[in-house]
Amino acid sequence: MAEAIFALDVGTRKVAGLVLAQGKKGYHIQAAAVVEHQQRAMLDGQIHDIPQVALAIQDVKGQLEKKLHISLKEAAVAAAGRALKTWRASATSQLSPAQEIAPQAVLALEAAAVQEAEKLLLEASEQPLAYHCVGYSVVGYNLDGHPIGNLVGQRGQSMTAEVIATFLPRVVVDSLVTALERAGLAMHSLTLEPIAASAVAVPAAMRGLNLALVDIGAGTSDIAITGQGTISGYAMVPSAGDEITEALASALILDFNTAERVKRQLSTRENLTFTDVVGQRHTLAAAELMEIIKPAVTELARQVATQIILLNGKPPQAVLLIGGGSLTPGLAAALAGQLEISPERVAVRGREVLNGISGAKNLQGPQAITPIGIAITALKREGLGLARVIVNGRPVHFLAGQQMTVTQALLAAGIPARHLYGRPGRGLGVEVNGRLTFLRGQPGEPGKILVNEAPATLETVVKAGDHIIVTPGRDGADAWGTVGDLVPELAPKTITFNGRRITLEPEIIMNGNRVDYRTPVQDQARITYNPLDTVARVLEYLGEPLDGPVLLNGQQVRPEAPIKDGDNLITGAGAAGRNINITINGRPATLRVQAGEALFTDVFNYLDFPSSPPPGRKTLVMEVNGRPAEFTTPLAEGDAVTLRWDP
């Protein structure tokens with residue numbers, strides 16, 4: 001027996017249902033039923049009164065079950081095309097450079113980008129809605145700010161993924177699910193109304209043409225544009241048949257239901273009789289009534305034409321009208337005028353133009369297109385499946401393709417996938433003597449996923465009824481350190497400065513305050529310290545100028561000369577003196593003479609002379625101009641000095 005599909009078109013004014021199966025020469029409708037809502041339970045294609053809509057669905061279901069002697073358990077349905085939202089967003093995750101990027105981390109990053117897209121969509125929405133993600137594609141990846149084809153196996157400090165995600169408002173899906181459940185039905189599949197209508201009204205052979213398909217219902221007019229072999233875009237106008245009805249009701253003081261009845265009879269009767277809300281009975285010609293609604297029809301045509309031009313960029317080659325609202329007198333001609341195309345190129349398409357559809361003669365006209373399209377889309381398995389899983393004890397409905405993964409379940413449950421990967425602890429950036437230094441935080445610990453109590457990953461495929469338990473990962477500890485981790489150990493020095501013995505105590509300053517090695521480091525702190533390792537740094541520490549000669553251990557030195565514990569440093573007047581040119585062991589030398597006269601002992605400050613005799617030598621020879629000398633022998637300009645160890 002051929003597979004049969006129960007399809008429901010839940011519209012603003014009525015609910016149409018049919019049971020369709022694949023026949024030998026196409027599709028066969030086994031039975032069909034149409035029921036109007038008893039009250040205005042839907043507005044602009046959105047369910048507002050679930051119990052009332054459920055009653056209409058239950059009525060349709062009951063009629064079909066009675067005709068076919070079967071029990072219907074599930075139904076294929078469609079969401080309004082205007083509900084589809086597409087958004088672009090990116091997400092960035094910090095990394096530990098020591099670890100390779102795992103596939104699971106990339107999936108978590110993509111899921112975070114999808115959730116960021118949903119967040120941006122919510123911020124841009126006029127109403128606070130939640131959304132189902134029905135699919136996404138990756139635009140690209142970045143590693144440390146540079147584009148990269150594949151993140152898996154790479155190393156770095158940060159990675160970014162950019163995605164384009166598509167959403168449906170959860171209220172659209174959830175209200176349909178609830179209305180079906182109240183009528184004793186499960187959702188077999190979900191498609192979009194323009195997709196369903198296009199499947200039969202604009203077959204693939206026609207999609208090479210630039211056409212506009214306009215489904216004019218009671219609350220909304222959905223638009224699909226075709227061209228170059230595909231459906232290139234969707235749009236929606238929040239006006240349709242109800243606006244025409246309300247124009248009649250306002251002009252003639254009628255209740256909405258009476259005005260709706262009058263509108264439907266305009267094309268079939270020359271004169272119409274009705275009673276207004278104050279009890280007055282009227283009989284008017286249909287032509288007169290058409291003049292009353294003409295401004296509203298023109299305005300609806302203007303809005304639809306405007307959206308077509310915005311979406312298509314130009315008037316299409318032709319416009320196909322479907323839906324009950326397309327039967328409004330004068331609408332096709334008004335739309336042709338607004339688009340400035342020939343009236344013959346705007347046509348109402350009903351079931352009678354469809355090939356290969358048999359059965360259920362009671363379902364005719366343009367209002368039959370969408371329910372038939374929903375059924376065929378479901379039969380071809382081109383709709384979106386609906387699944388119910390339990391995530392951390394909470395039931396979640398979500399849409400998916402043939403494969404549903406843990407990632408999709410977490411998105412539907414609103415659980416950020418990035419929570420599965422503990423972020424690295426925050427680092428500390430500290431400036432030490434003008435150079436930026438980093439202390440890194442600890443890497444995070446991954447979380448755990450269980451599907452039906454078995455270990456799983458984000459890629460694990462799940463099915464309806466599965467139980468998913470997610471344990472978040474742990475964030476790594478933030479970086480912590482002390483001044484001693486960044487500043488080398490500095491020992492005090494004791495020197496003689498201009499005849500005074502002083503102790504130099506190195507000091508460390510952090511953010512303007514003196515600190516010691518045990519002081520904790522703050523993020524973005526500025527640390528300065530003076531190691532007191534050169535003459536210049538010592539003089540800076542002492543507050544002494546560098547504009548005169550400097551003597552270190554009796555020799556004039558440059559400011560960058562190193563200084564050590566026990567050295568003798570002289571500056572200012574104490575460093576003033578004169579130079580004496582002599583020869584030492586036959587080589588010219590210049591001695592700096594301070595106050596008084598130069599002595600032989602000053603030669604030892606000039607030469608690196610061993611204080612102990614080398615092996616095999618024991619006699620110290622000291623001579624000035626060839627004569628024996630003492631340590632205190634005076635030296636004069638031009639003297640020849642001999643200094644050596646003899647055997």
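Q: Why is Gly365 called buried?
A: In this predicted model, Gly365 has a relative accessible area of 15%.

Q: Where is Gly365 found?
A: Gly365 sits in the loop between strand 19 (357–358) and helix 9 (369–379).

Q: What makes Gly350, Arg351 and Glu352 contacts of Gly365?
A: Contact requires heavy atoms within 4.5 Å. Leaving aside neighbours within four places in sequence, Gly365 is in contact with Gly350, Arg351 and Glu352. As for Val348, its C-alpha is 8.9 Å from that of Gly365, and the two are 17 residues apart in sequence.

Q: Why does Ala360 count as buried?
A: Its relative accessibility is 15%. The limit for buried is under 20%, so Ala360 qualifies. Ala360 also belongs to the loop between strand 19 and helix 9.

Q: What is the phi of Ala360?
A: Phi is positive, about 50°, although Ala360 is not a glycine.

Q: Why is Ser158 called buried?
A: Ser158 has 17% relative accessibility. That value is set against a limit of under 20%, so Ser158 counts as buried. The residue lies in strand 10 (residues 158–169).

Q: Which residues does Ser158 touch?
A: Not counting residues up to four places away in sequence, Ser158 touches Thr92, Ser93, Gln94 and Leu95, as well as Asn142, Leu143 and Asp144.

Q: Why is Ile253 called partly exposed?
A: Its relative accessibility is 47%. Buried means under 20% and exposed means over 50%, with partly exposed in between. The value falls in between, so Ile253 counts as partly exposed. Ile253 lies in the loop between helix 5 (241–252) and helix 6 (256–265).

Q: What makes Ile253 part of a nonpolar patch?
A: Patch residues need over 30% relative accessible area and no salt bridge, and nonpolar side chains are joined within 5 Å. At 47%, Ile253 clears the area limit. Ile253, Val277 and Val278 form the patch on the surface, with about 280 Å² of accessible area together.

Q: Which residues of helix 8 are buried?
A: In helix 8 (residues 331–339), they are Leu331, Ala334, Leu335, Ala336 and Leu339.

Q: What covers the buried residues of helix 8?
A: The cover includes strand 12 (211–216), helix 7 (286–312), strand 17 (318–322) and strand 18 (346–348). Just after helix 8, Glu340 takes a positive phi of about 60°.

Q: Why is Asn433 called partly exposed?
A: Asn433 has a relative accessible area of 38%. Phi of Asn433 is near 50°, a positive value in a residue other than glycine.

Q: What is the strand order in the open sheet of five strands?
A: The order is 24-23-33-31-32, with mixed pairing.

Q: Why do strand 24 and strand 32 stand at the edges?
A: Strand 24 (435–439) and strand 32 (513–515) each have a single partner strand, so one side of each is left without a neighbour in the sheet. From one strand to the next, the twist averages 35°.

Q: What makes strand 31 and strand 32 a pair?
A: Two strands pair if there are at least two bridges between them. Strand 31 (residues 508–510) and strand 32 have three bridges, in the antiparallel sense, so the pair passes the test. Ile509 has Arg514 in strand 32 as its bridge partner.

Methods. Residues numbered from 1 in each chain as written. Predicted model: local features only at pLDDT ≥ 70, side-chain atom pairs only at ≥ 80, totals over all residues. Heavy atoms only, no water. Helix = DSSP H or I, 4+ residues; strand = E, 2+ residues; numbered from the N terminus. Buried < 20%, exposed > 50% of the residue type's maximum accessible area, 1.4 Å probe, protein only. Patch = residues over 30% accessible without salt bridge, like charges linked within 9 Å, V, L, I, M, F, W, Y side chains within 5 Å. Areas by Shrake-Rupley, 256 points an atom, 1.4 Å probe, with all protein chains shown as cover. Salt bridge = Lys/Arg side-chain N within 4 Å of Asp/Glu carboxyl O. Axes fitted to C-alpha atoms, helices over the stretch in contact; angles between N-to-C directions.
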